[in-house]
Amino acid sequence: LYVDVDITPDFTYNEEVHSQTAGELLLTIEHTNGRILHHEQLHMTGEALRGGETLSAPTIVVPIIEPKPTHYFVRCQSLYWLGAECSVAVCLMNVRLPDIAPPLLEMQQRPSALEDETARDVFATLQPYGLEASADKLFPFTEFFPAQRDLVTPIMAYPSENIFAALPPGGGKTAIAELFILQFLLEGALLETNMGASEETSMAEKAVPAAKRKILYLTAHEACAMRRFQDWRLKFGEGLKQRVEKLEPFGEETTLKAEKVYQATIIIASGSGLAPLLRQGAVDCLLSVTHIIADCVHLIRAPEGRWMEECLARLLSKPYLVNNGQKPARLLALSYPLISCTEVSRWMKIPAARQYNYGNSYRQLHVRLEALEQGGARSRYEAATVSALKELQKVRYASTPNVVFVPSAREAEELAKRIVLRCRDFVPEAVCEDVEDQNIALLLSAGVAYMHRGTSLLDELIIIGHIEKPARHPETEAVLPLVLVCTFESAWRLPAALFGTAFVCAAERLGVASKFVNASGGDCSVSELLQMTSRALNEAVVYCRAARRWVWGRLLNDPLPLESYLRYPNDFCDAVNAAVAQGRASDMPGVLRILQSHYFLYHLRTNLQFYGVPSKEDIPAYASEFARSVIASLQQAGCVVVTEGDGDETVTVRPTTRGIALSNHGITVGTIEAIEEAKSGIRVSTVAGVWRLIVSSCVELTPEYVGDAARITDDAEMQALQTIARAFPKGYDVQYVDLDFSRGWTKVQMLILAHCARMFVHDSYMAGHEEEERRMAVTHPFASPSTAAIDPQLLLNIPSTVAERLREDLYVLLPSVLNVVRGACVIFDGRTQWKQARYLMRLSSQIERRTWGFEDPLLQLPCVQDSRTLLEVLTTTTTTAKASWSLERLQELCAQHETPAAEGAWNELSHMLLTSLQRHGNVSRAVEETEFLLSRLRVEAAAIPRVISLSATGTVEEVDGAHAFLVRVEGHIACTLPPSSSSSEHCGDSLGPWWMPCVVRHEGRPNLPERLMALSVVTPENLPGGTGNEEDSVDCVNSGAALKASSAKPSSFWRISGTLSFPLHDVDGEDLETLKMTVAVIAARYIADAEVDVVFTAE
């Protein structure tokens, strides 16, 4: 039974009288017979008590004890105050329990023929299929596990049937996926061999050609996809010569995703990596997919599983996106054992004969739960580490590699050092070679290491390699099995069943130990615990709060109940909005089809009580009401327009611009609602103010979506962020006294602003012919040569390891932040809040170029950011200089090529730069440094787009039976991309997206605000026929002589064009004499824009 408890204080809180004792509560759930089924202590903060805020306790899970009781009683009482208590009776008399699940497959049910040990030999098993040579390259073992052997025949002998395989942790799901890929490759090879032999039916002509067939590996978690990519890139890429590609999550451009899919044979993606491709309708690249592997199906109950469920719902439903649209792809679904196996398989259209749900007799891993009774999270963690250290000293654990999971990087490093002191009888002095982190290098020589999100890929591979080749005692040469201390979130980077034993210390995140409490702390999720415990082969020990022992013991040792993360109407708003935006749902029946394609309705039929449905006869009415609730929520959020009819069948649903933008960028409807609520209470008038509004409202920038990169994990990070906040200049609108570091989003806000202020050293600073010297010179992540910090030395006082961790977090956050910012531009109501939308457009380019609005445009050039001397030369006015060195002048000099005037100017700048470098003491390499900086300056200045012409022509035409303004925009851009950025095939995408807004204002009437009437997102098109002369190029374009074959070499000139429209009645009743219409083009990647007045034709 899932119990959600909300507790609301109903008294006047006085801090002097009550202190903190009034917030100490005891929550219990009691059986009718008086037995206490659950108890835990809760704490309400003084702020919550003072404001009467409701505390939502974590979901409680208690057993239904047979015979079923009439009531459970939920009681909450104060630990220190008499009479402060409340109780609620939960009636169970009308509760309908779900049907008993069918029994799982056990070892004793295996056919006797499979009991023979020789039948498990890898070589002998795959020899009948001619795959023994490939097996040698893929499998590092010689025998299959029993469950793996059982699945060889279904995979190989029944190539048209879907398979559901649910194996216990460490059961070998990865090897089963690799067998499925081998069958895919074998089938493709046979088709290619028989291609000329049979030309039978028209259906064969519609089938995917053997050479173009693809297989898609889809999983719920991004780290799982990354680990699989690293593994299969070697096995299938280098070993079997197959192209393996991975799709990145939200933030990667759709064209790049599609290009990867076209080129690959094996496509690897998490749900958040594939969902943008499906939502934006760029699905033609998936037509050649014939096989799909859905891994970690059990994670659809977790927040990260929502994207995977949405992707599977789309891939398995009509119209099919795979197999040339003729039929669904063959599916292999992999999971941990499930109670809900039948309904999950029914959802995925897997026959009962191909459902393999293995029981505990196949389970090698046992999870032991140790209850901790200490009061605070820190105390429980310390008690857990002390117990784990004692266990590690025992002989049974000291002889095998072990992993210990802890909440944060700081705890990982500290515990690793404690393990050396307690479990080793020597102090390590030698270091392991090739390890980047020197602390890890020293610890590895003693057979101990730590891993966190900042650990590099090279160090990760070296650490894992020490499992096969452990360190040795410096005196006795005895083997020292590896003991790895790993943070919670890094468990996804480790292979399954890699260690003998896994210890999970406290199974909860720690709050920051200061007067500020990190609001993102709390218990680990079940999916995190499953991932951590399954890294062990034999045993896992989980130290946890006593209140969690029973439910976690059941979930970690028994088959999982599977509920979708999508279970309420608001949860389906995003999926339905995407379907409406793509045109797949335009009425009520269409919305119902979308709901039916998800796991939701399949689970509803088998567990009516979970959704509050009285009987199976009420399911149609419940589904219709559910769909109406979803549509009403979308309509209220401004994502759809609904036209009512006489009945559900006549209701039509159409998307709005806002709804389409949310679908394309993966922004939730809940984020819109949060932004609307937040902006109603404040007025923002700066770029920094709009950024604060967005970051405080977007769920996409929370730890639930981007992990610990958005979470303040320890005191060191808290102090570092406070130091950064003090270093901002006035223009960034950061007031240290107004910051609330208890808010999780404050970290994201500070890191992005620090990025724009160039506080962090950029990757380009490490590039060039002096790479080794620069790496030696830069010893601190905040040692940026062009930092805007008011006191750079203040930042250098931050410990280097903490600063590097923050820098890693920044690069994790940047793709998601840019994606959200660009998508949020259309969230604001253009009629009344055009300025706020314009601020977001500026913010996008400022994040891309690491600069801020009030700064010199020259600072968007990486070479200027990387060299203090070059910045000084370009921005300092001298009496000898003939003209100032503005960005516009540098771009004009680049456009003039090798003219005498241009070369004279470059020579003058070269002389000034050489003199300045020599004055600063760089005499020996001044000439070489000058040539290097000038070459970068010329390339980078030419690569900044410059709008050289822009025109907008307006007409009034009849559109769909109503008059509307149509504005046709045509412009040209000068930009010479570096050779590494140019692509003859996809050069049009190289300048990124540009916004094209049409704005109306009234001249002489400042009381009337500007209004956004229409907005379009366009991509400039390269003009292969462009010449080095701007005027000649434009004339050539206008005459049409510049249009050549798409394979022509990209030129320095681009066309930007588009058509904007809006209804004529939007300006009814206004003074047309003062009305002025303007069109602008604004780059999303560069600080480049232009605007022009709309000229209406005489007709």
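Student: In which strand does Ala333 lie?
Tutor: Helices and strands are DSSP runs numbered from the N terminus (helices H or I, at least four residues; strands E, at least two). The run that holds Ala333 covers residues 330–335, and its name is β14.

Student: What kind of model is this?
Tutor: Residues are numbered from 1 along each chain as its sequence is written, and side-chain values use heavy atoms, with hydrogens and water left out. Local features need pLDDT of at least 70, side-chain atom pairs count only at pLDDT 80 or more, and totals for chains, interfaces and linings use all residues; the model is predicted.

Student: Is Ala333 buried or exposed?
Tutor: Buried means under 20% relative accessible area, exposed means over 50%, and partly exposed is in between (1.4 Å probe, protein chains only). The relative accessible area of Ala333 is 0%, so Ala333 is buried.

Student: Which residues does Ala333 touch, not counting those up to four places away in sequence?
Tutor: Contact means heavy atoms within 4.5 Å. With that cut-off, the residues that Ala333 touches are Ile163, Phe164, Ala165, Ala294, Val297, Met348 and Ile350.

Student: What separates the C-alpha atoms of Ala333 and Cys296?
Tutor: Ala333 and Cys296 are 37 residues apart along the chain.

Student: In what order do the seven strands of the open sheet stand?
Tutor: Two strands pair if DSSP finds at least two bridges between them. In this sheet the pairing is parallel, and the order is β11-β12-β10-β13-β14-β9-β15.

Student: Which strands stand at the edges of this sheet?
Tutor: An edge strand has a single partner strand, so one side of it is left without a neighbour in the sheet. Here the edge strands cover 244–247 and 355–357; they are β11 and β15.

Student: Which residue in β13 is the bridge partner of Leu216?
Tutor: Strands β10 (residues 214–219) and β13 (residues 289–294) are parallel and share five bridges. For Leu216, the partner in β13 is Ile292.

Student: What angle does the direction of helix α11 make with that of β10?
Tutor: Axes are lines fitted to C-alpha atoms, for helices over the stretch in contact; angles between N-to-C directions run from 0 to 180 degrees. Helix α11 (residues 305–315) packs on the sheet and touches β10 and β13. Its direction makes an angle with that of β10 of about 145°.

Student: Where does α8 bend?
Tutor: The bend at a residue is the angle between axes fitted to the seven residues ending there and the seven starting there. Helix α8 covers residues 222–239. It bends by about 40° at Trp232.

Student: Which residue follows α8, and what is its phi?
Tutor: The helix has buried residues, including Phe236 and Gly237. After α8 comes Lys241, with a positive phi near 60°.

Student: In what order do the six strands of the other open sheet stand?
Tutor: The pairing here is parallel. The order is β16-β25-β22-β17-β21-β18.

Student: Which are the edge strands here?
Tutor: Each edge strand pairs on one side only. They cover 366–372 and 448–451, and they are β16 and β18.

Student: In β25, which residue is the bridge partner of Leu372?
Tutor: Seven bridges join β16 to the parallel strand β25 (residues 536–545). Within β25, the partner of Leu372 is Arg545.

Student: What angle does the direction of helix α19 make with that of β16?
Tutor: Helix α19 (residues 549–557) packs on the sheet and touches β16 and β25. Its direction makes an angle with that of β16 of about 170°.

Student: Which residues touch the most other members in the largest nonpolar core?
Tutor: A nonpolar core is a set of buried Ala, Val, Leu, Ile, Met, Phe, Trp, Tyr and Cys residues joined through side-chain atoms within 4.5 Å. The largest one has 118 residues. Those that touch the most other members are Leu274, Met348, Phe405, Leu484 and Trp552.

Student: How many residues are in the other core?
Tutor: That core lies apart from the largest one and includes Leu604 and Ala720. Its number of residues is 104.

Student: What is the omega of the peptide bond from Lys318 to Pro319?
Tutor: Pro319 is in the loop between α11 and β14. The peptide bond is cis, with omega near -10°.

Technical notes:
Expected span 1.5 Å × (residues − 1).
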